Amino acid sequence: LLVTFEATFVNTPVLFQSLSRVEQAWANAASRTVLGKWTEQGLAPELLILTQDVFHLLASHRMLRWLRTELTFGDAVNAWLAPLAIQRENIPGIYTGAERSIDPCPADAAVLHPVEPSDLLLLTEASGQGL
């Protein structure tokens with residue numbers, strides 16, 4: 001399961017390499033892995049990937065009743081994942097909010113979700129300039 005917020009940029013080759021590495025390491029077996037941008041505060045909610053086994057565990061009727069939903073999405077996901085013995089795979093090259101205020105159009109990344117009209121104009125102009 002891949003979850004992405006609006007206007008999140010990601011280095012797609014690095015993303016695909018990370019996914020491939022996890023898949024090959026576990027030979028399609030249950031890998032208990034969550035990929036994304038891990039920080040000291042936990043998993044950044046702007047882009048995250050749950051392997052199928054983690055997704056099925058969180059979506060199971062036995063687990064669903066224990067999951068808190070009154071929190072923000074990011075806090076909820078981190079609360080759900082905290083007690084689980086999972087592999088945490090960091091994906092470099094994910095650009096969100098604060099990082100994008102410095103560089104609104106990262107050269108090594110692409111947007112995976114619709115962007116605001118002003119951002120689309122900026123991306124179009126950058127593309128026209130060969131950036």
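Here is a short chat about a predicted protein model.

Trainee: What should I know before reading the numbers in this model?
Mentor: It's a predicted model, where local features need pLDDT of at least 70, side-chain atom pairs count only at pLDDT 80 or more, and totals for chains, interfaces and linings use all residues. Residues are numbered from 1 along each chain as its sequence is written, and side-chain values use heavy atoms, with hydrogens and water left out.

Trainee: OK, how many helices and strands in the protein chain?
Mentor: There are 6 helices and 7 strands, taken as DSSP runs numbered from the N terminus: helices are H or I with at least four residues, strands are E with at least two.

Trainee: And in what order do the elements run?
Mentor: From the N terminus, β-β-α-β-β-α-α-α-β-β-α-β-α.

Trainee: Switching topic: F16, where is it, and is it buried or exposed?
Mentor: F16 sits in helix α1, residues 12-26. F16 counts as exposed because its relative accessibility is 54%; the cut-offs are under 20% relative accessible area for buried, over 50% for exposed, and partly exposed in between, with a 1.4 Å probe and protein chains only.

Trainee: How far is F16 from I91?
Mentor: They're 75 residues apart in sequence, and 9.8 Å apart in space, C-alpha to C-alpha.

Trainee: What about R32, where does that one lie?
Mentor: R32 is in the loop between α1 and β3, the latter being 33-39. Its phi is near 45 degrees, a positive value in a residue other than glycine.

Trainee: And why does R32 count as partly exposed?
Mentor: Because R32 has 38% relative accessibility.

Trainee: Last one: what share of the chain is buried?
Mentor: Buried residues are 37% of the 131 in the protein chain.
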